[in-house]
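Here is a short report on one protein chain. Read it with the model open beside the text.

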Amino acid sequence: MFEWNVDAIRYRIDAAEEVGFDALIASHIIPHIGQNDRVCDAGAGLGFVSFALAPHCAHVTAVEQDAVAFDVLCYLAKRRGFENVLPQRDDLFAMQPETPYDAMVFCFFGKVEETLFAVKNQCSGKAFLIKRAHGGRRFSIAEASHTRLSFQDAAAELKKRRIPFETETFTVDMGQPFSTLQDAQRFFRIYGEKGLNYTGQEVMNRLTKTGSGRFPYYLPSVRPLGMIILDAKDIPDTYNVNGKTESNQTRLKKGGRASE
């Protein structure tokens with residue numbers, strides 16, 4: 001489970017505001033939703049994908065379970081004037097909205113089985129699953145393998161379950177800006193391969209100089225992503241809440257789910 005602390009929040013806000021990859025990701029979803037659609041952003045984090053989608057639909061319900069992230073999400077939505085972004089602190093996979101959403105977005109969030117249950121029971125339209133289409137960690141001095149569910153893995157699992165879907169692939173720079181070299185070193189200590197003590201030169205070799213006064217250093221991270229598009233009507237009725245096994249009901253009630 002990702003830990004939202006002061007450093008994680010600061011780095012995430014800096015990346016969102018300076019790099020803008022959330023808007024690029026949202027740009028691939030926007031053509032598939034309507035101006036009157038009610039959209040759910042599942043596992044919304046600090047809300048940047050929600051903010052990018054908000055001008056293009058009726059409203060976005062930004063669901064986030066973590067209390068720290070949720071408080072920041074509420075603050076940012078209010079500060080930026082997104083009146084049609086509706087923060088909701090909840091366990092997405094245990095929710096039962098009164099009215100099904102017209103669309104749901106799972107950006108680097110959720111495993112296939114729990115996502116299928118959520119979409120079948122909470123959505124009347126399409127769901128968009130954004131996954132990493134690469135196997136390496138973004139932020140490491142040496143490329144390390146990634147254990148999280150990838151786009152390729154999710155697509156293979158859906159094929160195995162014989163559930164129709166469409167895909168899109170695209171490339172996004174998901175890099176990180178830094179105000180100082182020391183800030184970059186701290187970032188690598190937090191998000192790099194655990195147990196390694198990175199030297200200033202090792203970190204510097206990965207950075208580019210921007211000439212910017214605010215963020216003179218930048219860690220580029222151009223990565224391929226994949227988007228899986230599902231339609232709720234194509235998900236078998238066995239994923240309906242009335243068709244869950246007792247073990248599935250118990251797991252979902254306990255919040256038994258994993259973020260990517």
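## Overview

Of the chain's 260 residues, 48% count as buried. The model is a predicted one. Nine helices and ten strands make up its list of secondary-structure elements.

Take the contacts between residues at least 6 apart in sequence: 68% of them join residues at least 24 apart.

Seven strands form an open sheet in the order 3-2-1-4-5-10-6, and their pairing is mixed. Strand 3 (85-88) and strand 6 (166-173) are the edge strands, each pairing on one side only. On average, neighbouring strands of this sheet are turned by 20 degrees against each other, direction ignored.

Strands of a sheet pair through backbone hydrogen bonds, either parallel or antiparallel. Here strand 5 (residues 123-132) and strand 10 (residues 222-231) run antiparallel, joined by seven bridges. Within that pair, Phe128 has Ile229 of strand 10 as its bridge partner. Helix 6 (residues 151-160) packs on the sheet and touches strand 5, strand 6 and strand 10. The direction of helix 6 makes about 20 degrees with that of strand 10.

Strand 1 (residues 38-42) runs parallel to strand 2, with five bridges between them. Ala42 has Val63 of strand 2 as its bridge partner. Strand 1, helix 3 (residues 48-53) and strand 2 build a β-α-β unit, and this unit is right-handed.

Strand 2 also pairs with strand 3, in the parallel sense, over four bridges. The bridge partner of Val60 in strand 3 is Val85. Another right-handed β-α-β unit consists of strand 2, helix 4 and strand 3. How enclosed is strand 2 by the rest of the structure? Largely so, because four of its five residues are buried.

## The nonpolar cores

In soluble globular proteins, nonpolar side chains tend to be buried together. The largest nonpolar core in this model has 53 residues. Ile25, Leu46 and Leu53 touch the most other members of that core. What does Leu53 contact, leaving aside its neighbours within four places in sequence? The contacts are Ala26, Ile29, Ile30, Ile33, Val39, Val60 and Val105.

The structure holds zero disulfides. Cys57 has a relative accessible area of 4%, so it counts as buried. Cys74 has a relative accessible area of 27%, so it counts as partly exposed.

Is Lys120 buried or exposed? Lys120 is buried, because its relative accessible area of 15% falls under the 20% cut-off. Its place is in helix 5 (residues 112-122). Not counting residues up to four places away in sequence, Lys120 touches Ala232, Lys233, Ile235, Pro236, Asp237, Tyr239 and Asn240.

Gln182 lies in helix 7 (residues 181-191). Its relative accessibility is 52%, over the 50% cut-off, so Gln182 counts as exposed. The C-alpha atoms of Gln182 and Val203 are separated by 9.5 Å, with the two residues 21 apart along the chain.

Another open sheet has three strands in the order 7-9-8, and their pairing is antiparallel. Its edge strands are strand 7 (176-178) and strand 8 (208-209), each pairing on one side only. Strand 8 and strand 9 (residues 217-219) are joined by two bridges in the antiparallel sense. In strand 9, Tyr218 is the bridge partner of Thr208.

Which strands does helix 7 touch as it packs on this sheet? Helix 7 touches strand 7 and strand 9. Its direction makes about 140 degrees with that of strand 7. Helix 7 is also the helix that holds Gln182.

Methods
Residues are numbered from 1 along each chain as its sequence is written. This is a predicted model: local features need pLDDT of at least 70, side-chain atom pairs count only at pLDDT 80 or more; totals for chains, interfaces and linings use all residues. Side-chain values use heavy atoms; hydrogens and water are left out. Two strands pair if DSSP finds at least two bridges between them. Axes are lines fitted to C-alpha atoms, for helices over the stretch in contact, and angles run from 0 to 180 degrees between N-to-C directions. Contact means heavy atoms within 4.5 Å. Buried means under 20% relative accessible area, exposed over 50%, partly exposed in between (1.4 Å probe, protein chains only). A crossover is right-handed if, with the strands pointing away from the viewer, the path from the first strand over the helix to the second runs clockwise. A nonpolar core is a set of buried Ala, Val, Leu, Ile, Met, Phe, Trp, Tyr and Cys residues joined through side-chain atoms within 4.5 Å. A disulfide is a pair of cysteine sulfur atoms within 2.5 Å.
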